[in-house]
Amino acid sequence: MRVMMKFISARAAVVTGALLISTAAFAATSGHGPEIQRQQWPFAGFKGQFDKNQLQRGFLVYKEVCSSCHGMKRLNFRNLSQPGGPEFAEAAVKELAAGWPNQIPEMNDAGEIAGKGGELLKRAARPSDPILGPYANDAAARAAQNGALPPDLTLIAKARSVERDPHWLVHPLLMLGDIFRGYQEGGADYLYALLTGYTDAPADVKVNDGMYYNGAFPGHQLAMPPPLSDDRLTEKDGYKLPPTVDNMARDVTAFLSWTADPSLNQRKRIGWQVMLYLLVTTLLLYLGKKRIWSKLH
Amino acid sequence: MSGHASTYEPKSRWGKWWDERLPIARLMHGSFVDFPTPRNLNYLWTFGGILSFCLVAQIVTGIVLAMHYQPSDVAAFNSIEHIRRDVNFGWMMRNFHAVGASMFFIAVYIHIFRGLYYGSYKAPREVLWILGVIILLLMMASAFLGYTLPWGQMSFWGVTVITNLFSALDTIWAGLGTSIVEWLWGGYSVSGVTLNRFFSLHYLLPFVLTGVVVLHIWALHTAGQNNPTGLDIKQPSDAVPMHPYATSKDVVGMFMFLIVFAWFAFFLPDYLGHADNYIEANPLVTPPHIVPEWYFLPFYAILRAFTGSFLGIPLGSFAKLFGVLAMFGSILVLAFVPWLDTSRVRSAKYRPIFKWFFWAFAFTCVALGYLGSKPAEGVYVMWAQIFTVLYFLFFFVAMPVIGLIETPKKLPKSITEAVLGDRAAAVSAKH
């Protein structure tokens, strides 16, 4: 029996070894884009919180750059003054809403309200209204954007992630590492890589008409022109950092991370209170259990 | 609900009055207070209580979420965002419910592997075990239906892929599968109609589940708990009253579990989900990789292992049918485990060969889970096929054969001896 087991395990080792080599060969040949680097975010990990000033700068980038194509329909103006966000003053938000170029369609239960001439009525936004983009609907957006659809940005940081394909042996370790660090910033890492990822296409790649080369984008060609450039915003616009692409990309990514997860600050703060309670209670319960069981031995 | 007579004595007139009319306090006392529990249960035995907690937590958070959720194709996705953003502590309820589903599965898988290791399925606990398999199936159905409700891209396409599995029955009887799929969908594609009925069923199943859990606990308290030695309780010193002994250990286990639960719910609420589910469902755009939730990945790997050929054997048009049968079979086979295992000894602690195969099987399940997360191409398919074979070999070959050829280690005379060793005689005599 013993001899047979030994024989079987020796054979198994040979077969496993052969298969491992073939796995490694497969991993080496399958092509992927450039690795998306993890960034340092103030809101990262289990203790990170949003930086109010960064969110304010990020909103400025959104307002001055992104909002010319992209809406933010799941965010209301009033959210901009709530705790844990950019925390703009309420009066400033009211003014911002009133001046927002993309006004709110007047709606009744049957749909939109038309004026005497049949034209659809719109009104200035109030703080309780959503932050709309320039297009009334997807068809209008596609018509204006050469067939491409600029997605709504409210949830974009949660709706994107970085796909990693580590070797199966290190995979569980990397997972555990992420769990212990509380890593959830894949979407932010991707957005930052995208915003800073515009380069000239490699010689062997033909970029289609109206498309731009970007190493971070799946397929490497996208319809969005590079939105940021150095000095795109200046101090005159109210942007208070050196106006590099890197700074603006970081700030707007932080802002988009907040719009996708506006309760992050509160969630982590309560999380630590809950953890503290659970740890102390677990310890007390364990001591109680030990005492109860000590009578038995 | 217990196989032993309750020692309950009503102390007040009020208690007496009830005891003569509806002796529910007597039942609870007999089942959860003085019920004899093996004295050697380790922390793996705390998962029964943890699972009861998970069930109640899912029902409570689910009821609250249903107050704010709108089961319609146009409103579902928005209503989830409404819960996350506008409902007071809605983000917390939603995280508890979504993370809770994953935690429920972590707990149930540990519970099942514990049962497999210590032989908790063996006589007289076959019915208890089969009820457990039914609970697992109901859990899976509930989780699958629930994952539809956010109506994101992965919800929509997950439902499309999984419900489409039934169309494999067309190979047996032309039109049968398609009819079943259309009946499930309530139309010719996954739509708002499908979402409505899935919401209704998602609300129903947990209560069915609760009913089966009551039977599961009833069967447990009739046969008595298994324990790490696999020995029966033979003398009073083998057991301790459930309260305060088992209960004090249960709460420690539960709080340790809650630490993990809270870590995910507060710091990693989306870690176990998929980014694509933050994109509203769109029937016109298929995500590049459609993957189910992590707890279905091993079964998904088995399903996809059946491509045009299986380890060189051509399957032709039957590939899909075999995949579907293998996937459902991989769960249903659990129901036959009490009879597939031929060993006279319950606990793997005393089974030198089986122990190795148990861990090999555990590795097989993890490997299948990993492969389920990978695209079905290249070597991944071959590995999925190999591990699928190993999965079934464990049940159909390892379990029956090892029981026949293995010489178990010497069993202790009693649970007391296993715990106390030489001092056992003194303690037994004292009782």
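Figure 1. Of the 297 residues that make up chain A, 29% count as buried. The structure shown is a predicted model. Nine helices and eight strands are found in chain A. Among the contacts in this chain between residues at least 6 apart in sequence, 66% join residues at least 24 apart.

**Figure 2. Strand 1 of chain A and its pairing with strand 6 of chain A.** Strand 1 of chain A spans residues 72–76 and is mostly covered, with four of its five residues buried. Two bridges connect strand 1 of chain A with strand 6 of chain A (residues 130–131), and the two strands run antiparallel. Within strand 6 of chain A, I131(A) is the bridge partner of M72(A). As background to this view, side chains in a regular strand alternate between the two faces of the sheet.

Figure 3. Is V93(A) buried or exposed? V93(A) has 21 other C-beta atoms within 10 Å and is therefore buried, as 20 or more such atoms are required for this description. Leaving out residues up to four places away in sequence, V93(A) touches F77(A), R78(A), L80(A), S81(A), F88(A) and P127(A). For R78(A), which lies 15 residues from V93(A) along the chain, the separation between the two C-alpha atoms is 6.8 Å.

**Figure 4. The crossing of helix 2 and helix 8 of chain A.** Two packed helices are described by the angle between their axes and the distance between the axes. For helix 2 (residues 52–64) and helix 8 (residues 245–260) of chain A, the axes come within 7 Å and cross at roughly 100 degrees. Helix 2 of chain A is therefore roughly perpendicular to helix 8 of chain A. On the side of helix 2 of chain A, the contact is made by Q54(A), L55(A), R57(A), G58(A), F59(A), V61(A) and Y62(A). Helix 8 of chain A contributes M248(A), D251(A), V252(A), A254(A), F255(A) and W258(A). The residues of this contact comprise nine nonpolar, two polar and two charged.

**Figure 5. The contact between chain A and chain B.** Chain A provides 35 residues to the contact, and chain B provides 27 residues. In chain B, the elements giving two or more residues to the side that touches chain A are helix 4 (76–85) and helix 10 (242–267). Helix 10 of chain B gives the most, with 13 residues.

**Figure 6. The nonpolar cores.** The largest nonpolar core contains 61 residues, and those with the most contacts inside it are F104(B), A107(B) and F261(B). Several helices of chain B supply at least two residues each to this core, among them helix 3 (47–66), helix 5 (90–117), helix 6 (126–148) and helix 9 (192–223). The largest contribution to this core comes from helix 10 of chain B, with 13 residues. Apart from neighbours within four places in sequence, F104(B) is in contact with C54(B), Q58(B) and M139(B). Another core, of 48 residues, lies apart from this one and includes Y62(A), L233(A), L264(A) and A275(B).

**Figure 7. The crossing of helix 4 and helix 5 of chain B.** The axes of these two helices of chain B come within 5 Å and cross at roughly 115 degrees. I80(B), I83(B) and R84(B) of helix 4 of chain B make the contact with G90(B), W91(B) and R94(B) of helix 5 of chain B. Three nonpolar, one polar and two charged residues form this contact.

**Figure 8. Helix 11 of chain B and its cover.** Helix 11 of chain B (residues 297–305) is mostly covered, and nine of its nine residues are buried. Among these buried residues are F299(B), Y300(B), I302(B) and R304(B). What covers the buried residues of helix 11 of chain B includes strand 3 (309–310), helix 12 (319–332), helix 14 (352–372) and helix 15 (379–405) of chain B.

**Figure 9. W173(B) in a loop of chain B.** W173(B) is located in the loop between helix 7 and helix 8 (176–185) of chain B. With 9 other C-beta atoms within 10 Å, W173(B) is exposed. W173(B) and P206(B) are 33 residues apart in sequence, and their C-alpha atoms are 33 Å apart in space.

Terms used:
Residues numbered from 1 in each chain as written. Chains lettered and ligands numbered in written order. Predicted model: local features only at pLDDT ≥ 70, side-chain atom pairs only at ≥ 80, totals over all residues. Axes fitted to C-alpha atoms, helices over the stretch in contact; angles between N-to-C directions. Parallel < 35°, antiparallel > 145°, perpendicular 65-115°, else oblique. Contact = placed C-beta atoms within 7 Å. Nonpolar A, V, L, I, M, F, W, Y, C, P; charged D, E, K, R; others polar. Buried ≥ 20, exposed ≤ 12 C-beta atoms within 10 Å, placed from the backbone. Pairing = 2+ DSSP bridges. Core = buried A, V, L, I, M, F, W, Y, C linked by C-beta atoms within 7 Å.
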